[in-house]
Amino acid sequence: MPPIRALPALALGAALLASDPAPASAQAPVSAQAERPLGWSDVAEFTFVFTSGNATSSTLGLKNTLEHQWEGVLFHLSAGAVRAESGTTVRTATGTAGGFRVAKHTDTEKTAENYFVQSRLDRGVTESAYLFGGVGWDRNTFAGVRSRYDVVAGAGRTWSDSEDRRFKSDLGLTYTRQDDVIAGPGSGRSFGGLRATVDFFRSITATTDLSSLLVVDENLNETDDLRADWTNSVTVAMSENLALKASHQVLYDNLPALVDVPLGPGSVHVPLEKADHALTLALVVDF
């Protein structure tokens, strides 16, 4: 994916531009840390889908984002979980063709599981530049990741920030510890990396918002190990505190984890797909 591999370089250029003072007329407005109301805020998202009958399935998704705004400082804590199960109904008949009884039972298996916790602290240093640091943990067993811990610190710039538009980018150094479900050549590894983030928000109408968040991680120990997380969302407000949110998330891993595949009396390890896609429709509650 050449466009994604070029993003860290673009973000690096943005960070370098942040250190070059622009004329007063060209500088972005006060950063998001100063624009947001002081104090605590919380946004919760709920997703649930259930089907039954000849086949059963259920999907539960939860996400919560807690923030606190001080003068020039923003604390951000988010956590989420997605779990999906599907069931197949198996029918068996006993007796004869002229008289029989049918019994059925449903075999249920887990088809998706993903958990994460992330925290971050941003501190403004000028009207448009800021420093940040954060820690995170995630688990995605169906993508082959049993657990992944990371620490990041860096700097960024807010290019545009107003009531109906926001655009910011940052670049940070990371330290990651990853353990895979199946131990491969890179399982249980720790490595340093480079993370580029691009955050965009735009109000389309008085009740509809568009947002896009792209995070690209490059493993500096093994440059082929490039990961990206890109989420695009449209949120439609139904009231002051309720909204509907449709999102499309793409998770890309250029060196995916391994999966065990049966081969004769034994098995072999083969890499998983490089990209995962998730489409969600959530109810958003703003506290």
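# A walk around the barrel

Begin by selecting strand 7 and strand 8 (residues 189-203): these two run antiparallel and are joined by 14 bridges. Strands here are DSSP runs of E with at least two residues, while helices are runs of H or I with at least four, both numbered from the N terminus. Two strands count as paired if DSSP finds at least two bridges between them. Now click on D170, and look across to T197 in strand 8, which stands opposite.

Before going on, a word about what is on your screen: this is a predicted model, where local features need pLDDT of at least 70, side-chain atom pairs count only at pLDDT 80 or more, and totals for chains, interfaces and linings use all residues. Residues are numbered from 1 along each chain as its sequence is written, and side-chain values use heavy atoms, leaving out hydrogens and water.

Strand 6 pairs with strand 7 (residues 165-180) in the antiparallel sense, over 15 bridges.

On to strand 5 (residues 129-140), which runs antiparallel to strand 6 (residues 145-161) and is joined to it by 11 bridges. Here G136 faces D150 in strand 6.

**Zoom out**

Show the whole protein, with its 3 helices and 14 strands. Of these strands, 12 close into a barrel with antiparallel pairing, in the order 1-2-3-4-5-6-7-8-9-10-11-14. From one strand to the next, the twist averages 20° (the angle is taken between N-to-C directions of lines fitted to C-alpha atoms, on a scale from 0 to 180 degrees).

**Last stop: the surface**

Select F46, F48, F50, L60, L62, M238, L242, L244, L281 and L283, a nonpolar surface patch with about 950 Å² of accessible area together. Patch residues have over 30% relative accessible area and no salt bridge, and nonpolar side chains (Val, Leu, Ile, Met, Phe, Trp, Tyr) are joined within 5 Å, like charges within 9 Å. A salt bridge means a side-chain nitrogen of Lys or Arg within 4 Å of a carboxyl oxygen of Asp or Glu. Areas come from the Shrake-Rupley method with a 1.4 Å probe, and for residues only the protein chains shown count as cover.

Strand 1 gives the most to the patch, with 3 residues. Finish on F46, which lies in strand 1.
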